[in-house]
Amino acid sequence: MTRYTRVGAIYRKELINILRDRRTMIAMVVIPVVLYPMLMLGFVRAMEGDLLQLRSQRFVVEVDDEQTAGQLRRIIYAAQLSDDTPAQERAAFDVQVGRTPPEQLGEAVQLSVSLGLIHSPEPFPPRLTVELTYNEIDVRSRTAMEQLSAVLNCYGDAMTRRLLAELLVDHPRLHMQGTPDVDLVLNPVEVRSVSSATERQRGGWALGQIVPIILVLMTITGAVYPAIDLTAGERERGTLEALLATPVPILHLVAAKFLVVATVGLIAAVINVASVGATMHFGGLTRSIAEHLPVQFPAGALPIILLCMVPFALLSSAILVAACSFARTFKEAQNYVMPIIILALIPAVAATLPSARLGGILMVLPVGNMVLLTRELFQQTYTWTQVVVVLLSTTLYAMAAVAVAARLFGQEAVLFADAGSYKTLLQRRLFRPVPTPTASQALLLAALLFPATFYANSLLVDTLTEGFIRTMTWLAIVQFAGLFLLLPLGVAKYLKINVLRTFRMQLPPARAWLAAILLGASSWVIAHEFFVLQARVITPSEALKAFNEQITPQLAASPVWLVVFLMAIVPAVCEEFLFRGFLLSGVASGLPKWSAILAVSAIFGIFHFLIDRMPVTALMGVVLGYLCWQCRSIWPGILAHGMQNAFSTMLTRFPRAVDWLGLTGAGDEVFSHLPARVLVPAVIVFSAGLGIAASLRSSVSWSHMRRRGRRHRCRSDSG
Amino acid sequence: MIEAHDLVKTFPTPAGREKRAVAGISFRVAGGEIYGLLGPNGAGKTTTLRILSGLMTPTAGRAVVNGTDVVRDPSRARRSIGFLTANTGLYQRLTPRELLSYFGELNGMDRPAIRGRVGALIDWLDMHDFADARCGALSTGQRQRTNIARALVADPPILIMDEPTLGLDVLTNRLILDFIRRERELGKAILLSTHYLDEAEALCDRIGLLHEGRLVAEGDMPTLRERTGFDRLTDVFLHLAGDSPARAIAPPPDGPEDPAS
């Protein structure tokens, strides 16, 4: 039996177990399908009804004396004559004489009014002053004030028009027939606004305000119950130990459990969205939100939305499972889940602010980016860069969360209530020295570095116009030296990880240097050709063109040694330490050779934020990862990486080289093929480099080493 | 079939001291033999059984089951072990038949084999009355029978049982003891823990007495009697676990008490 059928067996059984539980069904189906519509419709109807009722109510207005009362009644009557509001929606005012103290306004008497007159020069009528005293914290009093103000404004308008009409009739320059048109004077500017949004976009806009946050929050809350049930619940029932005693590896167990939690979360989210959509559609709710816009579900965006929801569901379920893993009982788990939901609410709500846009740091903000992307998708205003960045960053976070949760789930202190406290997992004093980081530590570091790097990068690249060298220096200090080099070194030190071994700092055999030189001298040609081919299939993004246009003249204007140092040497050293050092060593402790190299290369690609660059960067990552693996040393990779960077940034500076490459005059040389006299030798040199790398060691000796390392780790974990 | 060599298990505590649950235990269980681990709560029985089943990694020492090192290849080792946990928890919303099939699948059996084996176990353990009821509605005895069937569903050559008769009525107790003897006749190596001394005396071929993480005495009943001069196992146990004689045989460890029971 293969592992997949085993994972499948666990998955099926857990799903049956969850779906047979009435509590899940209530949370997943009854609440969204029955309660939502009732709540939403009820609430909106109640609001509408309440407002209408308030507006059409009778209000009691007090004045000082009978004369003022009569005056006010006449004003109200006159105003309502010229008002075209339907009688049933119109407020009525009972004007009476009395002296209720202002602080008692509200229940019996809502307003107190005093009138006054200010003398005006001829031919203008005296000005009427009205003072309305109301109680701001009383809804009825406040509504009465608003309604009476409206009535008085209406009265004022009517007076303006009458006065203006009289003035216009008498005006010497106008010889008008009949009643003059006062609108000519009152509205000399007519404003009309025309919306350019399509019907579909307008419909999507209305949905985009509510549906994303429901989708995201329901994915999380829908996953809460199964997450608790499959971890703390299993422990509380006493079924966990029996499950662990089966010959199923713990990773498969955890994988199946995640899939169940994520599935339930997804189902819950889909049911919720369908229910909300139906409620809005059939309940006439859209009128209140969209102001008579037709609401359409953007069917074309749905597959992308669902695709993005998958890593998101995995991410949230992994975080929930990780948190619940610590809990011994159902109740305890519920306590752990609450802060997580609140933490998820903050970015989700922040992203629903109307001014929030899917760009900058929000692109990589967990939860928030999903809410925003879903909104963009509903409004049909998304770009593929947004989709890719959100999808990849969420996947990266999900991978890290799954790895961490799997790691936690496998800890004895977490599995067995009596096997020591899980607090011991967090105390450095109790850490045992280990040769390399674990896969979960590596992925967690990558997940934390990603938004930090993204933020630093976008912040610094924005200042590019102010000074190329300055920006590059800051980038070298903050992103490369700080985040890529010192941070992983510090983390390794803190976790008592063997630095020499993790970063593969031992010297390689002499042949490795030759392989590195050959690869470094030729890989830029391969990368270039790959890029040209890619550009033929996928149109290069505007962002890339803008970037190239900005960079190329700057490169040409800066001193050679500085460019080589900042753009070739520094990135080569720091990126190799992070990716081929910490990350590759860590991921390789949980995955076989090629899976580890490919996974780290994918992460390497994601970290180069320009979407066009990601595939080619990932490809170069594979070459560098393979070289590093074969040499068992980081240094040849640094050499090859540095050479490739230097070649690709510097070649265009030298006219003779440009001439030889056949790129002269092309203008956008980034997108044209190299001549065969360059290509053929490059492919030969590249192949020779790979061949030497392949000869550096047999895979047998390595897997032997890896097993030994893993065993070593097992022992130290148990402590 | 089962070999424990100098097993040690310590747990770190937040306070910094280490708890020593198992302090160097060695013993062997052969095929066709029932070996009983006896000891009071906290003597290290459960921890020892968990190490041998590959659920916990020993801090030091080696555990070999059916020729496989449980630390080096826990998945392979578990394939030859049926482990009955002390906890009689079951999935409330599955029926015993579904539960047994599920564990059959987890053990890599194919469907026809599962059907045959589950049917046979239901016969042997007299589970017909409740095989298709949800586990949530079962009595303690029914739950324990289901659990034993679960441990045996893949017909493993080795059985490790943590307190198999805890809290059972006389009838179920006898059914289960007979069943364990039957498995011994099939040549299986059976390791069980208990603190019912009479039961151990009646059932086990050999007995290991655990006290504070150490094996203070080991052997069949005649050997133990001869060594201590007592007839009944209770007396033997009280004697060995008591103050001076126990320490004379094996000094207890200086570590604090055992967290696992």
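Reader: I'd like to start with the sheet in chain B. In what order do its six strands lie?

Author: Let's take the general idea before the case. Strands of a sheet pair through backbone hydrogen bonds, either parallel or antiparallel. In chain B the order is β6-β7-β8-β3-β9-β10, the sheet is open, and its pairing is mixed. Keep in mind as we go that this is a predicted model.

Reader: Which strands are the edge strands?

Author: They are β6 (81–84) and β10 (214–219) of chain B, and each of them pairs on one side only. From one strand to the next, the twist averages 15°.

Reader: Can we walk through some of the pairs? How many bridges link β7 and β8 of chain B, and in which sense do they pair?

Author: Strand β7 (residues 158–162) and strand β8 (residues 189–194) of chain B share five bridges, in the parallel sense.

Reader: Which strands does α5(B) lie across?

Author: α5(B) lies across β6 and β7 of chain B, and runs at about 160° to β6(B).

Reader: Let me step back to the whole chain. How many helices and strands are in chain B?

Author: Chain B has ten helices and ten strands. Its radius of gyration is 19 Å, close to the 18 Å that the globule rule gives for 261 residues, so chain B is as compact as a globular protein of that length. The C-alpha trace spans about 55 × 40 × 35 Å along its principal axes. Of the 261 residues, 50% count as buried. There's a sequence side to this too: among contacts between residues at least 6 apart in sequence, 70% join residues at least 24 apart.

Reader: Now helices. Is helix α1 of chain B mostly covered or mostly open?

Author: Start with the general idea. An α-helix has 3.6 residues a turn, so residues three or four places apart point the same way. Helix α1 (residues 45–52) of chain B is mostly covered, with eight of its eight residues buried. Among them are Lys45(B), Arg50(B) and Leu52(B). After α1(B) comes Gly54(B), whose phi is positive, near 80°.

Reader: Which residue of chain B has a positive phi although it is not a glycine?

Author: Asp126(B) is one of that kind, with a phi of about 55°. You'll find Asp126(B) in the loop between α4 (111–124) and α5 (140–152) of chain B. With 14 C-beta neighbours inside 10 Å, Asp126(B) counts as partly exposed.

Reader: What about Arg504(A): where is its place?

Author: Arg504(A) sits in the loop between α17 (499–502) and α18 (510–537) of chain A. Its phi is near 50°, a positive value in a residue other than glycine. Arg504(A) counts as buried, because 23 C-beta neighbours lie inside 10 Å and the cut-off is 20 or more.

Reader: Staying in chain A, where does the kink in α10(A) lie?

Author: At Val310(A), shortly before the proline Pro311(A), and the kink is about 25°. For the span of α10 (residues 302–325) of chain A, you'd expect 34 Å from 24 residues at 1.5 Å a residue; the end C-alpha atoms are 33 Å apart, which agrees. α10(A) is mostly covered, with 17 of its 24 residues buried.

Reader: One last stop: which residues does Val478(A) touch?

Author: Ala456(A) and Leu483(A), not counting residues up to four places away in sequence. Val478(A) belongs to helix α16 (residues 468–494) of chain A. Val478(A) is partly exposed, with 17 other C-beta atoms within 10 Å. From Val478(A) to Thr453(A) is 25 residues in sequence and 8.9 Å in space, C-alpha to C-alpha.

Conventions: Residues numbered from 1 in each chain as written. Chains lettered and ligands numbered in written order. Predicted model: local features only at pLDDT ≥ 70, side-chain atom pairs only at ≥ 80, totals over all residues. Helix = DSSP H or I, 4+ residues; strand = E, 2+ residues; numbered from the N terminus. Rg over C-alpha atoms; globule rule 2.2 N^0.38 Å. Buried ≥ 20, exposed ≤ 12 C-beta atoms within 10 Å, placed from the backbone. Contact = placed C-beta atoms within 7 Å. Expected span 1.5 Å × (residues − 1). Bend = angle between axes of the 7 residues up to and from the residue. Pairing = 2+ DSSP bridges. Axes fitted to C-alpha atoms, helices over the stretch in contact; angles between N-to-C directions.
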